[in-house]
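Student: Could you walk me through this structure? I have not seen it before.

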Amino acid sequence: MQRLAFIQYLHHLGDQQAHLPEPMRTSSVLTYHDAVELFLVLAGDHLNADLDPRIEFKG
């Protein structure tokens, strides 16, 4: 639950950053990227997905 709460926080933070004036709003893309990446990892863990070990997220 803590991981999901953190993912939700990052998504909310990305929403807030997206409403800032340029150029500060560009940081929202990185925040959304992190939220999506963490969500996909969490979903894979939850589903006990057998992922190819060669697949990794690159920052």
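Tutor: The following conversation goes through the chain part by part. This is a predicted model, in which local features need pLDDT of at least 70, side-chain atom pairs count only at pLDDT 80 or more, and totals for chains, interfaces and linings use all residues. Residues are numbered from 1 along each chain as its sequence is written, and side-chain values use heavy atoms, with hydrogens and water left out.

Student: What does the secondary structure of the chain come to?

Tutor: The chain has two helices and zero strands. Helices (H or I, at least four residues) and strands (E, at least two) are DSSP runs, numbered from the N terminus.

Student: How far apart are the end C-alpha atoms of helix 1?

Tutor: They are 24 Å apart, which agrees with the 24 Å that the 17 residues of helix 1 (residues 2-18) should span at 1.5 Å a residue. The expected span is 1.5 Å times one less than the number of residues.

Student: Which residues of helix 1 are buried?

Tutor: Ile 7, Leu 10, Gly 14 and Gln 17 are buried in helix 1. They cover an arc of only 85 degrees around the axis, which puts them on the same side of helix 1; the arc is that of the directions from the helix axis to the C-beta atoms. Buried means under 20% relative accessible area, exposed over 50%, and partly exposed in between (1.4 Å probe, protein chains only).

Student: What do those buried residues pack against?

Tutor: The buried residues of helix 1 pack against helix 2 (27-46). The face of helix 1 turned away from its buried side carries the exposed residues Gln 2 and Gln 8.

Student: On to the backbone: which residues does a cis peptide bond join?

Tutor: A cis peptide bond, with omega about -5 degrees, joins Glu 22 and Pro 23. Pro 23 lies in the loop between helix 1 and helix 2. Most residues other than glycine have a negative phi, and most peptide bonds are trans.

Student: What about the phi of Asn 48?

Tutor: Asn 48 is not a glycine, yet its phi is positive, at about 50 degrees. This residue is found in the segment after helix 2.

Student: Is Asn 48 buried or exposed?

Tutor: Asn 48 is exposed, with a relative accessible area of 67%.

Student: How much of the chain is buried?

Tutor: Buried residues make up 15% of the 59 residues in the chain.

Notes: Contact = heavy atoms within 4.5 Å.
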